[in-house]
Amino acid sequence: MSYKQDTICVQGGYNPKTGESRIPPIVQSTTFAYDSTQAMADLFDLKADGYFYTRLANPTVAAFEGKVAALEGGVAGIGCASGMSATMLLAFTLCGAGDNIVSSAAIYGGTFNLFAVTLPKLGIQTRFFDPDDSAEDIEKLIDDKTKLIFTETVANPSIKIIDFEKIAAIAKKHGIVYADDNTLATPILCRPFEWGANVIIHSSSKYLDGHAAALGGMIVDGGNFNFKGNKRYASFNEPDESYHGLVYADLPAAQFATKCRAQMMRDMGAIMSPQNAFLSWLGCDTLALRMERHSSNAAKVAAYLSQHPKIDWVLHASLPDNKYHALAQKYMPNGTGGMLSFGIKGDVKQAAKFMEALQLITQETHVADVRSCVLHPASTTHRQLTPEELKAAGVPENLVRLSVGIENPDDIIADLEQALAKI
Ligand SMILES: *Cc1c(COP(=O)(O)O)cnc(C)c1O
């Protein structure tokens, strides 16, 4: 039986047997006891399913993995310590020294640093493209060492929306794994596997948990990329000597997820904690309801701000004149989420004055949880930059990033109204 998304939100990932707890218990244990050596050996050899050490798998983490994998329509999930560690494990499962990644430049700042600064130190280079570039221009970045194409559904913070079909066609033509960071859309608003992605990454610290309670990440394997015989991926087609000669491309399913967990999670250990998995699993119960409300609230706020005389510009794909409106209607017909950015008429001082006048909406570095929050990059994350440098970085000094929560929209708008009246 296949269920709809809102049903999977509350029922997915965990099926108690008779007499077991209705929601997943927090299995707060590093290890699991067995009464035969053979039983444990079978687990180590991946011949049997089960748990032996929480760095590799844990029942509470498995419940959250199952729920997100079902929501995305994938074959396996891997819970990670954070969104950043999920992206790191993705890169290391596919790439080694000498390889390269072809990535959208419109991605989360932390991911940009990982790709542009840290991975090059290990011999993995990234070639960036603008998501608005033509397919021909993006293809020029690919060579026989390209192991990964990477995008973000809704880019944080530039709010650009990716054209999946354009990117997936390039990945398919060259036989390259296409991974998408679906954090700000969530599987409620967009399902990238349906548009050709092969792996999905999440920072579950954002909407999946939704309450700003638990840091976490998730990797979902779409099960739709066959590594068998693909010359680009020798590490999937040659025996893994660190795993008794296992050839991942010979596995009938979840080739990517098995290598990622058995090899990379084993060696890097960036696993999600059972406590955080429990909180995130619970948060997902209301994901469908929350995304509906985040999207409708943000659309109302965007419409309000776009007609306000003290506002210079507003970016939200719900606005008919937004550059990404058509892509949003195609890929995210049920809403574009709660993230928007806008520019206040005036300079950096005016923007700061506005921010400080807000009463309900708080200043935070976080985004995408139930409470509305704002960030002014020019006076916080980007404060070392000059006005010219800010402009070049695509972060004008009057830019305010607003993550619209699920409060009553009238209260959110009233708070913006009174703060705008003070500048
Ligand atoms: C926050 C974020 C990340 C990083 O996730 P953490 O859980 O903070 O490590 C990655 N991608 C996107 C789109 C994000 O918003």
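**Entry 1: ground rules.** I am working with a predicted model, in which local features need pLDDT of at least 70 and side-chain atom pairs count only at pLDDT 80 or more, while totals for chains, interfaces and linings use all residues. Residues are numbered from 1 along each chain as its sequence is written, and side-chain values use heavy atoms, with hydrogens and water left out.

Entry 2: I looked up the strand order and found an open sheet of 7 strands, arranged 1-7-6-5-4-2-3 with mixed pairing. Strands (E, at least two residues) and helices (H or I, at least four residues) are DSSP runs numbered from the N terminus, and two strands pair if DSSP finds at least two bridges between them. At the edges I noted strand 1 (76–80) and strand 3 (125–129), each pairing on one side only. From one strand to the next, the twist averages 20 degrees; axes are lines fitted to C-alpha atoms, for helices over the stretch in contact, and angles run from 0 to 180 degrees between N-to-C directions.

Strand 5 (residues 177–181) and strand 6 (residues 199–203) are parallel partners over 3 bridges, and aspartate 181 has isoleucine 201 of strand 6 as its bridge partner. I then followed helix 10 (residues 255–268), which packs on the sheet and touches strand 1, strand 6 and strand 7 (217–221), with its direction at about 30 degrees to that of strand 1. Contact here means heavy atoms within 4.5 Å.

**Entry 3: the cavity.** I searched on a 1 Å grid over the protein atoms alone, where a cavity is a set of points that a 1.4 Å probe fits but cannot leave, a pocket is an open set with protein on both sides within 12 Å along at least five of seven lines, and lining residues have an atom within 4 Å of a point. The structure holds 1 cavity of 30 Å³ or more, and the largest cavity has a volume of about 40 Å³. Its lining includes Ser104, Glu152, Lys160 and Ile161.

For the second largest pocket I noted a volume of about 770 Å³ and 29 lining residues, of which Ile107, Gly109, Asn156, Pro157 and His382 are the closest to its centre. Helix 5 gives the most to this lining, with 4 residues. At least three lining residues come from each of domain 1 (5–283) and domain 2 (288–420), the bounds being taken from an automatic or database domain assignment.

Notes
Grid points are joined across faces, edges and corners, and a volume is the space filled by probe spheres set on the points.
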